[in-house]
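Come along and check each entry against the picture.

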Amino acid sequence: MLTLRINGLDVRAEEGWSILETARFYGIDIPTFCYHDGLSAWGGCRLCVVEIGEGESAKLVSSCTYPATEGLVVRTHSMRVIAARKLLVELLLSSCPSSKTIQDLAARLNVQKVRFKVEHEDCVYCGLCVRICAEQMGAKAIGFVNRGGKIKITTPFDHKSEVCRHCGACMYVCPACQLRCQGAEPPGVVCGSCLSPEPTCLEFYPDLMCYMGAEGNCGTCIREKPKRKLRS
Amino acid sequence: MELADKGNNKNLLSILQDVQKECGYLPEERLREIAVMLDMPLIDVCGVATFYKSFSLTPRGRHQVKVCLGTACHVRGADRIVEELERKLDVRRGETSEDGEFSLEAVMCLGCCAIGPVVVVDGKYYGQVTTAKVESILKTIREAIYAR
Amino acid sequence: MPDKVKAERIRNSKDLEEVRARILQSRSSKIPCIVIPSGTCCQARGSSEVACAFQREIEKHALGDKVAVRVTGCGGFCQTEPNVVIYPEEIYYQKLSPDDAEEVILEAVLRGRVIDRLLYADPNTGERFTHLNDIPFFKKQRRLLLANNLRVDPTSIHDYLAINGYNALSKVLQEKTPDEVINEIKQSGLRGRGGAGFTTGGKWELCRKARGDVKYVICNADEGDPGAYMDRSLLEGNPHSVIEGMIIGGYAIGASEGFIYVRDEYPLAVRHCRLAIEKAREYGFLGNDILGSGFSFDIKISMGAGAFVCGEETALIASIQGERGTPRQRPPFPAERGLWGKPTNINNVETWANVPLIMTKGAGWYSKIGIKKSKGTKIFSLVGKINNTGLVEVPLGTTLREIVYDIGGGIANGKKFKAVQTGGPSGGCIPSSLLDLPIDYESLAQAGSIMGSGGMIVMDEDTCMIDIARYYTAFLSDESCGKCLSCRKGTQRMYEILTDISEGKGEEGDIELLEELALVIKDTSLCGLGQTAPNPVISTIRYFQDEYEAHIKEKRCPSGVCKELISYYIKPEKCQACLICLRNCPVQAITGGKGLVHIIDQNKCTKCGTCLEVCPPRFGAVAKLSGKKAPEPVLQGTEVIRSRKTDVNA
């Protein structure tokens, strides 16, 4: 067992755990995108970054790949980290605004604007499809080709795959494919209707008005102002 | 070439380099053979072949025209040279002309900064190139081709 | 020069002394030797033809035993190539053609007369210099490594033995334990010459302490920074020095195998390294039981395939392993888990080349060179808008001003200095206000740049800093492995904003957005490429914010580079209708005729600059404008105003 300090709390981790696994064990929520419990950690989306170390040498590392080590000091929600996560989501949004997963992340992190030219890409190169195909299905039908701006995920020579078993795992795990959002409309491109953390009913009622168990996920229920203000 | 034991992933890069040298590019058939020989998933071989700039999956032209776009050449106006060549050869950088004669490539630093901007045609170096000189360089090459 | 003494395996240090003595004896040090530098860049300028001419002339005049010729690697003063240095007086002749060979041999070498027209002349004063060490370019350098490039033919191991090569190795194997070697390197203060500047001794110690009996050492010769070619010249010119360093390093760390990872754009370096390895094996410096010490070590060459990111340690390792060059998280560091999972120590070419020097002369001697935290010398490639282009080796702590002006001879063509870019695409621009900055790891970092591998690109008033930032961002975006969202997408977005700015589409808030992007890319990228990718943008904003503002607010490019913001205009009052620009315009955008003012059609003009280039200087009729529209053209068919001073037919 190792001891490390997360957000001021002394926590214990097993040898071989990552910072992310340790934080989750203790209920500390670090947002992720390319991370998936059943697959190896890739560390490409950088959303799970946390600040480690102190003073001048403090730096940001991806918590899904960085190992929990003895005496490590970790801050999961420092100013630097929050600012980084917000801009990273902005980059994701500007590439693929029709992904519900990305819109939800944006709402969660309170990203209100997108300042880059919007591209409507189908892929954000998180690599989840590659990993599920290789690790869970053992097929290795798709992978990364090229690099940098020209990178893409495809089959060899862009031909129909000879080893694909049509399991659909890649589509299942893809954050761009699944739940194509209908809500995001130009020019704002930022939706936030599904996971907005600001319930509007509290402006008009003293209690949350949702009785359907969808507490806090509002914004859709109160559409018109009630006839009289009921404030106690 | 110093090769470690053939028959495992260890040597993929040097095998690809040998094929590139031999064929001038990496034919699809050879890549499939390599994947079988090294017992690797084909997509991994493709992933490596497409990652590195030295490899080309399409045949290159009979004549290679390389323009150095290293920083020293860039500050001396190498960008204009590439544009001029693109215009004159009717081919975009990184591509081969329709008739298969010329490939135009922008390379990053040939280490000949003293004579920049530099253009290399089939291994012959031309230094201190200006947009005005491009025509005369191409003339020399075309004359050599027609003389064959 | 072919080795005259027979090749044989050297079994111990006594053997080495004997062989060295025999080599020195077989050479007459009294006959003059003509050294002809012939590295890749020298050959591009015709040094091979010059070397052939010299050999031909010597044969023709049957002077084989009166004059020696040595073809070497890069001499460093690239501006003067093809050049020769005549020993023992070290007379320096520049810019030779093959026809000069006969005269040089007969007049200069045999009759001792100096040929004035071939001497190097200072571009500013015109003064001519005869001897190498008097030439200002060389005077202020301290060429601990580069000087040997002129003393050895890289294809000859005998030349290397003649200058006490492999002496350090012999001493180390005989007298020192691995820990003592590591201590010596630590004491010397040597820091990595590849860019990051970690203490070499400390790095070796980490690897030595790592668990495992199979370890590797690697020489990182993937010199990817555009404009940097120091490593190439060391590998082409003196490969044995690097090999010797690696063997010593292998001994200290406990590795029995080494790799030289060299980029495939360096075929001559690969050839010379391979040859040197073969010879080293023949003589017993590589292989089993080296010099009877019981220590075995061998080196293989692994070639890069065109990926800048493979200069990063973990990407380099991935490349040798036949994978995509994608960096991975550290820890674990290569020193613990590197090549094929084994402890691996990676050092740059120049770092390895310093090792035999330190082991021969001692850490005490070495640590006296340089300044407090940056010891020894560093080779820089001084290129760009500078008079004396070439490779410069100076003690760390030398100021930028000394390098640019005393050694570099100042800015070419009488232009004004604007900035020096150090550290390649990972570095930043240093402005004229910081010319007195000492070149050392810490000072450069504080100024917003890095030492990097040693590239120094000099820029003048005609260089646009937005264009430079955009150039580097494009390069890094292209070379990014693509794994990290921040690096892949972040550099692309920075490039888009910079492009908009350069095309006159910049908006208020762009600079702030660039800074915000830069900070996040720097903070969140996995590897050094991404972490330093924003440096050119950050440093140009820091020192040249006024240029950014001119582009954004006034839609003006002060240096006249950004094509969308400039226009070419022929001044009707100066035009003398010589037809030169008209004929040379690649898109036929100029109209006019004999005696008629030439007019540029702004709609057709591609801003290539040819007209400005070819307009005769005595007319000076072409102007480059920025920040305002070109004036309305005069009517077609307007006649020129003949100036009495100028004559078109002169």
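Predicted model: local features only at pLDDT ≥ 70, side-chain atom pairs only at ≥ 80, totals over all residues.

**Entry 1: confidence first**

Over which residues of chain B does pLDDT stay under 50? I found them at residues 1-8 of chain B, for which the model has 11 contacts beyond four places in sequence. Here pLDDT is the predictor's confidence in each residue, from 0 to 100, and two residues are in contact if their C-beta atoms, placed from the backbone, lie within 7 Å.

Residues are numbered from 1 along each chain as its sequence is written, and chains are lettered from A and ligands numbered from 1 in the order in which they are written.

Chain B as a whole averages a pLDDT of 85, and 93% of its residues score at least 70. In chain B, confidence is highest in helix α3 (residues 42-51), at a mean of 96, and lowest in helix α6 (residues 131-147), at 82. Helices (H or I, at least four residues) and strands (E, at least two) are DSSP runs, numbered from the N terminus.

**Entry 2: chain C as a whole**

I looked up 25 helices and 21 strands in chain C. Its radius of gyration, taken over C-alpha atoms, is 28 Å, close to the 26 Å that the globule rule gives for 650 residues, so chain C is as compact as a globular protein of that length. That rule is 2.2 Å times the number of residues to the power 0.38. The C-alpha trace of chain C spans about 90 × 65 × 40 Å along its principal axes.

I also read that 57% of the 650 residues count as buried. A residue is buried if 20 or more other C-beta atoms lie within 10 Å of its own, exposed if 12 or fewer, and partly exposed in between, with C-beta atoms placed from the backbone.

**Entry 3: domains of chain C**

The assignment, automatic or from a database, divides chain C into domain 1 (31-139), domain 2 (157-366), domain 3 (370-460), domain 4 (465-553) and domain 5 (565-626). I picked one pair: the C-alpha centres of domain 3 and domain 4 of chain C lie 23 Å apart. In this pair, 10 residues of domain 3 are in contact with 14 residues of domain 4. Strand β16 (residues 428-431) of chain C gives the most to the domain 3 side, with 3 residues.

**Entry 4: neighbours of chain C**

How many residues of chain C are in contact with chain B? I read 43 residues of chain C, against 37 residues of chain B. The elements of chain C that give two or more residues to this side include β9 (298-303), β13 (377-384) and α18 (465-479). By class, the chain C side has 17 nonpolar, 17 polar and 9 charged residues. Ala, Val, Leu, Ile, Met, Phe, Trp, Tyr, Cys and Pro count as nonpolar, Asp, Glu, Lys and Arg as charged, and the others, Gly among them, as polar.

Chain A came next: the contact takes 26 residues from chain C and 26 residues from chain A. On the chain C side, α19(C) gives the most, with 8 residues. That side divides into 8 nonpolar, 8 polar and 10 charged residues.

**Entry 5: the inside**

The largest nonpolar core has 280 residues, and Phe54(C), Ile247(C), Ile248(C) and Val262(C) have the most contacts inside it. Such a core is a set of buried Ala, Val, Leu, Ile, Met, Phe, Trp, Tyr and Cys residues joined through C-beta atoms within 7 Å. A second, separate core of 18 residues includes Tyr569(C) and Ile590(C).

Is Thr80(C) buried or exposed? Thr80(C) counts as buried because it has 25 C-beta neighbours inside 10 Å. I located Thr80(C) in the loop between β2 (68-72) and β3 (84-87) of chain C. Beyond four places in sequence, Thr80(C) is in contact with Gln94(C), Lys95(C) and Tyr120(C).

I found a cis peptide bond joining Gly116(B) and Pro117(B), with omega about -5 degrees. Another joins Arg330(C) and Pro331(C), where omega is about 10 degrees. Glu90(C) is not a glycine, yet has a positive phi of about 60 degrees. Glu90(C) is partly exposed, with 16 other C-beta atoms within 10 Å.
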